[in-house]
Amino acid sequence: MDIKNSFKHVFTFDALLNIGVGFIFLFLSEKVEGLLFNGSVLPHYVWVIFGAGFLYFAYWQIRIMIKSTAGKTALIFALAAAWVPALLVTVLLVVPLLPVSARGRLILWIGNCYLILLGGYYFLLIRNKAA
């Protein structure tokens, strides 16, 4: 398996996904809240911060791919960027901090599994670079 080629495909897919989620959080935050929580729970500026964070991370991913500087430090950052939100979403799903709807729970679990698997992939790449 060509890890470098595979990495570019995964990073590209994730960057495109982050761009989509970022724009959704920026411009459709009310619909997202209705889908996840059945009503308004978080202030609008929180969704703007989330959306800007997703867009900035996508920008960083694209910049890393263009410059071909996906070294160990970049992979560690990408791993943290996947697993820290996964941990926070897991806490949100296990401890009822916010009134998440059944639909929202399903969406968050799917996203959480994606983040955990993505972080695992980055972890394997880090281990391969160390060897």
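These are my notebook entries on a predicted model of one protein chain.

**Ground rules.** I number residues from 1 along each chain as its sequence is written. Because the model is predicted, local features need pLDDT of at least 70 and side-chain atom pairs count only at pLDDT 80 or more, while totals for chains, interfaces and linings use all residues; side-chain values use heavy atoms, with hydrogens and water left out.

**Overall layout.** I looked up the secondary structure and found five helices and zero strands. The order along the sequence is α-α-α-α-α. Helices here are DSSP runs (H or I, at least four residues), strands are E runs of at least two, and numbering starts at the N terminus. The C-alpha trace spans about 50 × 30 × 20 Å along its principal axes.

The chain has 131 residues, and 34% of them are buried. I use buried for under 20% relative accessible area, exposed for over 50%, and partly exposed in between (1.4 Å probe, protein chains only). I counted 10 positive and 4 negative side chains, and the centres of the two sets lie 11 Å apart. Lys and Arg are positive, Asp and Glu negative; His and the chain ends are not counted. Each charge is placed at NZ of Lys, CZ of Arg, CG of Asp or CD of Glu.

**Contacts.** I took contact as heavy atoms within 4.5 Å. Among contacts with a separation of 6 or more, residues 24 or more positions apart account for 73%.

**Cores.** A nonpolar core is a set of buried Ala, Val, Leu, Ile, Met, Phe, Trp, Tyr and Cys residues joined through side-chain atoms within 4.5 Å. The largest has 16 residues, and Phe7, Phe11, Trp60 and Tyr122 have the most contacts inside it. Helices α1 (3-27), α3, α4 and α5 each supply at least two of its residues. The largest share, five residues, comes from α5. Another core lies apart from it, with 10 residues, including Phe25, Phe37, Leu93 and Leu108.

Trp60 sits in helix α3 (residues 44-67). Trp60 counts as buried because its relative accessibility is 10%. Beyond four places in sequence, Trp60 touches Phe11, Ala74, Phe77 and Ala78. I also checked Trp83, 23 residues along the chain from Trp60; their C-alpha atoms are 17 Å apart. With neighbours within four places left aside, Tyr122 contacts Phe7, Phe11, Asp14, Gln61, Leu75, Ala78 and Leu79.

**Ser29.** Ser29 is in helix α2 (residues 29-37). Its relative accessible area is 4%, so Ser29 is buried. Past four places in sequence, Ser29 touches Ile24, His44 and Trp47.

Is Ser101 buried or exposed? Ser101 is at 8% relative accessibility, so it counts as buried. Ser101 lies in the loop between α4 (72-94) and α5 (102-130). A polar atom of the Ser101 side chain lies 3.2 Å from the backbone oxygen of Leu35. Neighbours within four places aside, Ser101 contacts Leu35, Leu36, Phe37 and Asn38. Asn38 is in the loop between α2 and α3. At 57% relative accessibility, Asn38 counts as exposed. Its phi is near 60 degrees, a positive value in a residue other than glycine.

How values were computed. Polar contact = N/O pair within 3.5 Å; in protein donor to acceptor, adjacent residues only side chain to side chain.
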